[in-house]
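Please keep the viewer open as you read.

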Amino acid sequence: MALALARVARSGLRRSGGAIGSYTSERDIFCERVSDHKSFLPSLEKFDAHGNLMYLSTIKRVNHMSFWSREIRATPHYQFPSAEQLVESESEYDEPRYPGLEATKPGEKPRVVVLGTGWAACRFLKGLNTKIYDVVCISPRNHMVFTPLLASTCVGTLEFRSVAEPVSRIQSALATSPNSYFYLASCIGVDTDKHEVYCETMSNGGLPHEAYQFKVAYDKLVIAAGAEPLTFGIKGVKENAYFLREVNHAQEIRKKLLLNLMLSENPGITAEEKKRRLHCVIIGGGPTGVEFSGELSDFIMRDVQERYSHVKDYIKVTLIEANEILSSFDVGLRQYATNHLTKSGVHLMRGVVKEVHPKKIVLSDGTDVPYGLLVWSTGVGPSQFVKSLNLIKSPGGRIGVDEWLRVPSVEDVFALGDCSGFLEQTGKSVLPALAQVAERQGKYLVEVFNRIGKQDGVKAFSAKDMFLGEPFVYKHLGSMASVGRYKALVDLRESKDAKGISLAGFVSWLIWRSAYLTRVVSWRNRFYVAVNWATTLVFGRDNSRIG
């Protein structure tokens with residue numbers, strides 16, 4: 001009797017409180033913290049010997065804030081179309097009903113769901129024909145980051161907005177088309193049988209709206225979720241080091257750097273403590289680590305010397321690399337970079353980090369290196385989300401794809417960018433996690449989708465065995481890296497062992513700046529970058545610490 005009354009009450013409440021706008025009463029009745037109920041994936045359920053519903057652990061619950069940007073605020077749930085809280089089912093054994101977007105109906109445009117807003121995803125979004133497809137983009141950030149210039153924002157050479165491009169400017173349909181959306185959320189699971197992705201909104205960030213889950217049905221799915229920094233399981237890295245992959249990472253590095261400079265001028269600070277606070281350590285001698293070292297040395301030589309004269313003799317930059325810096329560059333360019341950084345005051349060390357403490361790092365040979373700022377830049381690997389997916393994997397743990405960037409054994413799923421890699425049976429090696437690789441994969445996949453559209457294979461389960469054209473072929477265009485003080489390296493070889501043009505010096509720096517200025521996504525941001533460079537050249541870098 002009580003169960004029947006409860007069902008009647010729930011039914012009446014659903015009839016009277018279905019509007020999203022009246023979220024106050026709904027929240028009291030239906031809303032739960034996502035952490036209070038289990039993530040439900042219909043294809044991953046089973047029953048134990050007693051008939052109780054159990055859940056497989058193939059797709060794990062993910063803390064999206066650990067591998068996406070920190071400090072991103074959540075969008076209130078009533079701004080999402082069809083985004084209500086998870087509604088209780090009538091029976092303990094019924095499937096919970098996820099709010100969100102249901103499968104497209106006959107006569108409607110097919111829906112392409114894109115996971116991510118990195119280089120690959122945004123290049124695909126930019127070129128996708130929205131006359132053929134509706135598009136839904138799901139990501140914990142609403143912008144693309146122009147990563148080659150991110151190091152320049154840490155020291156004030158560029159403003160942060162100069163390297164961030166809103167995704168709605170890249171694909172205007174996300175803001176204007178009635179059936180295309182951008183959702184500020186993290187994907188936590190994929191059901192390839194039902195053609196559905198399961199998402200979790202961002203944490204509330206102090207807002208009165210709690211995080212919840214929803215689903216989005218797709219006709220075609222493009223996974224471009226990127227990668228996360230490699231820590232090699234070293235103790236203390238995530239707790240004490242700063243990464244440099246997102247705009248908010250650069251903001252945190254800038255705050256910490258300026259805070260250490262200002263606190264070191266306060267009375268009562270010992271000389272030893274000043275040396276520790278003003279010791280900036282970069283782990284990793286790849287392009288990101290070298291460019292950040294060069295930007296930091298420029299900042300010290302020009303700005304710190306003038307504006308922090310009381311502590312200018314204490315500040316120091318150390319770059320630690322296990323092997324050689326810029327190992328993918330020409331030998332002559334590597335030697336040039338080593339000599340130039342040394343002349344600029346950057347101390348180069350060879351070593352392997354054993355563990356990281358709040359105020360020092362310990363190397364494998366027992367050496368202690370005290371630090372005030374630690375930046376970790378040792379490459380990237382598969383994210384926790386990618387690891388959790390029950391999809392075939394390539395060597396290295398990325399999502400495995402064939403020559404057309406399709407995920408084999410499942411239909412209508414594609415993967416590209418840093419989260420994907422060629423399977424061994426394709427005979428191709430896994431491509432490096434570079435922006436130019438991701439961008440060109442995104443451009444190629446647009447052509448594939450246009451071809452699918454012409455052959456009437458746009459709906460779910462309708463493109464099997466369809467001719468997709470020539471397979472993807474990657475040709476390396478070369479590498480560039482700035483080393484500070486108006487010097488840069490340009491390596492135009494197609495591979496590490498091939499012959500080609502290699503340049504270093506001021507002319508290379510002009511090429512580096514010109515190339516990246518033209519590659520910035522929009523004319524608005526190109527204008528920002530050019531003005532920022534000119535302002536820094538004339539007036540120096542801004543050393544205001546805000547926040």
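## Two loops with positive phi

Tyr-486 sits in the loop that joins β24 and β25; helices (H or I, at least four residues) and strands (E, at least two) are DSSP runs, numbered from the N terminus. Tyr-486 has a positive phi of about 60 degrees, although it is not a glycine. Its relative accessibility is 39%, so Tyr-486 counts as partly exposed; buried means under 20% relative accessible area, exposed over 50%, and partly exposed in between (1.4 Å probe, protein chains only).

His-195 belongs to the loop between β8 (181-191) and β9 (196-201). This residue is not a glycine either, and His-195 has a positive phi of about 60 degrees. Because its relative accessibility is 3%, His-195 counts as buried.

## How to read the model

This is a predicted model, in which local features need pLDDT of at least 70 and side-chain atom pairs count only at pLDDT 80 or more, while totals for chains, interfaces and linings use all residues. Residues are numbered from 1 along each chain as its sequence is written, and side-chain values use heavy atoms, with hydrogens and water left out.

## Helix α11

Helix α11 has 13 residues (residues 331-343), which should span 18 Å at 1.5 Å a residue, and its end C-alpha atoms are 19 Å apart, which agrees. The expected span is 1.5 Å times one less than the number of residues. Which residues of α11 are buried? They are Leu-333, Arg-334, Ala-337, His-340 and Leu-341. They cover an arc of only 135 degrees around the axis, which puts them on the same side of α11; the arc is that of the directions from the helix axis to the C-beta atoms. An α-helix has 3.6 residues a turn, so residues three or four places apart point the same way.

The cover over the buried residues of α11 includes α10 (287-307), β14 (316-321), β15 (346-350), β24 (479-484), β25 (487-491) and β26 (502-505), where contact means heavy atoms within 4.5 Å. On the face turned away from the buried side, α11 carries the exposed residues Val-331 and Lys-343. Just after α11, Gly-345 takes a positive phi of about 95 degrees.

## Two helix pairs

The axes of α3 (residues 119-127) and α13 (residues 435-454) come within 7 Å and cross at roughly 35 degrees. Axes are lines fitted to C-alpha atoms, for helices over the stretch in contact, and angles run from 0 to 180 degrees between N-to-C directions. Among the residues that meet here are Trp-119 and Phe-124 in α3, and Leu-445 and Phe-449 in α13. Trp-119 and Phe-124 are also among the buried residues of α3.

Helix α8 (residues 247-263) packs with α10 at an angle of about 35 degrees, their axes 14 Å apart. In this pair, Ile-253, Leu-257, Leu-258 and Leu-261 of α8 meet Phe-292, Leu-296, Phe-299 and Val-304 of α10.
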